[in-house]
Amino acid sequence: MDAESDDAESDAESDAESDAESDAESDAESDAAPDAAPDAELDAESDEDGPDTESDKDGFGAEFDEDESDTESEDAEPAREVRFQIALTFTSTGLRLAIGINDGTVNIYDTQSKELLTTTTLEDQGVSALAYSPNDQELAIGGTEGTVVFWDTQSDERGHILNFGTAAVRCITYSPWMDWLAFGDEDMSVHLCQRRQSQSELSNMETSWCVVYVVEGFLQWVKDIAWNPVVQNEFATGSLDRSVRVWRILEGDDGGDGSVSVELVWGSSIGMLDAAGMRLDDVVGLDVGSRRLLKQRGAVGDFLAFEGDEANSYFDRMPIDY
């Protein structure tokens, strides 16, 4: 009995110690859990932030940040878009190719060897048009600031410089007989040039291209000019106003004063009415819209005045597009 009682007491003490240790471990875990959870969440957050931070430095994030900073700089100072343009022309033999671009550079290449032969540069303007003379001895270079430069292909030197304004040259061409040079510009006109004698800075007489007549009346700038290879002094113009017109140059009959005039031979697809300088008097039967259109297109005349006519003044103020 005593032995059995001792065993029972030993088992009871062992169970009590085991329960106490178990309760102590459970309490310790429960006490540590609230603290461990935030730590675990912080560790998880730091783990998540870690890769993103690295990617911000080395990967897509870095590229995105750079783009964002670029956007901010562009907002602060918008970049100006520069439109690339190029002009090309061959010699009549096809042995030379001239290439001009909008930074003012003109390169001349040998088409057989593909070598660059000569380079010249326009000052403070781009190249917008090029043309070789029929004998290939001269290259006309049209600039974007109202200048035509003539390059001597025999000496590879710059020759005469023709200044006519500030508008860009859009097309330039020699006549087949080399007696005329024509170029169109953004001032909606065509300049006709002849070789005339003039006094140089060294008091010597020299022959150079001079503007002797300006063809006007276009509603947009002239896109292209072509000389008639059969009929001398006849050329055609194509304009962005959707017109194609054929012109003939009339020179003075006396042969001494150098006077020049130009007549319109025919035209087609003239898409807009041009009445600049047209004088209209004693005209009857025109409605308000017709009078308004003529006035808007440049015609003059007493019957076009609308003072004191409220209805006509109202229509006159309205925009019109035919």
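1. Of the 322 residues in the chain, 31% are buried (buried means under 20% relative accessible area, exposed over 50% and partly exposed in between, with a 1.4 Å probe and protein chains only). The structure is a predicted model, in which local features need pLDDT of at least 70 and side-chain atom pairs count only at pLDDT 80 or more, while totals for chains, interfaces and linings use all residues. Residues are numbered from 1 along each chain as its sequence is written, and side-chain values use heavy atoms, with hydrogens and water left out.

2. Overall make-up. The chain has 4 helices and 16 strands (DSSP runs numbered from the N terminus: helices are H or I with at least four residues, strands are E with at least two). Among contacts with a separation of 6 or more, 36% are between residues 24 or more positions apart (contact means heavy atoms within 4.5 Å).

3. Salt bridges. Side chains of opposite charge can pair when their charged atoms come close. A search of the whole structure gives 6 salt bridges (a side-chain nitrogen of Lys or Arg within 4 Å of a carboxyl oxygen of Asp or Glu). The next points take up several of them.

4. Arg96 and Asp110. These two residues form a salt bridge in which the closest N and O atoms are 3.6 Å apart. Arg96 belongs to strand β2 (residues 96-101) and Asp110 to strand β3 (residues 105-110), so the pair links distant parts of the chain, 14 residues apart. Arg96 is partly exposed at 31% relative accessibility, whereas Asp110 is buried at 15%.

5. Arg195 and Glu138. Their side chains meet in a salt bridge with an N to O distance of 3.1 Å. Because Arg195 lies in strand β11 (residues 189-199) and Glu138 in strand β6 (residues 138-143), the pair ties together parts that are 57 residues apart in sequence. Arg195 is partly exposed, with a relative accessibility of 34%.

6. Surroundings of Glu138. Is Glu138 buried or exposed? Glu138 is buried, with a relative accessible area of 13%. Its side chain also makes a polar contact of 2.8 Å with the side chain of Tyr174 (a pair of N or O atoms within 3.5 Å; within protein, one must be able to donate a hydrogen and the other to accept it, and residues adjacent in sequence count only if both atoms are side-chain atoms). Leaving aside neighbours within four places in sequence, the residues in contact with Glu138 are Ala131, Tyr132, Ser133, Phe150, Trp151, Thr153, Tyr174, Arg195 and Trp209.

7. Arg170 and Glu186. The side chains of Arg170 and Glu186 form a salt bridge at 2.6 Å, N to O. Arg170 is in strand β9 (residues 169-174) and Glu186 is in the loop between β10 (181-185) and β11, so the pair joins parts 16 residues apart in sequence. Glu186 is partly exposed, at a relative accessible area of 34%. Elsewhere, salt bridges that share partners join Glu234, Arg248 and Glu263 into one network.

8. The open sheet. What is the order of the 4 strands in the open sheet? The order is β13-β14-β15-β16, with antiparallel pairing (two strands pair if DSSP finds at least two bridges between them). β13 (222-227) and β16 (260-268) are the edge strands, each with a single partner strand, so one side of each has no neighbour in the sheet. From one strand to the next the twist averages 25° (axes are lines fitted to C-alpha atoms, for helices over the stretch in contact, and angles run from 0 to 180 degrees between N-to-C directions).

9. Pairing of β13. β13 pairs with strand β14 (residues 234-239) in the antiparallel sense over 5 bridges. Trp227 stands opposite Phe235 in β14.

10. Over residues 215-249 the chain is 0% helix and 54% strand, with the end C-alpha atoms 10 Å apart.

11. Positive phi values. Most residues other than glycine have a negative phi. Asp136 has a positive phi, near 65°; Asp136 sits in the loop between β5 (127-132) and β6 and is buried, with a relative accessible area of 14%. Met178 also has a positive phi, near 65°. Met178 is in the loop between β9 and β10 and is partly exposed at 23% relative accessibility.
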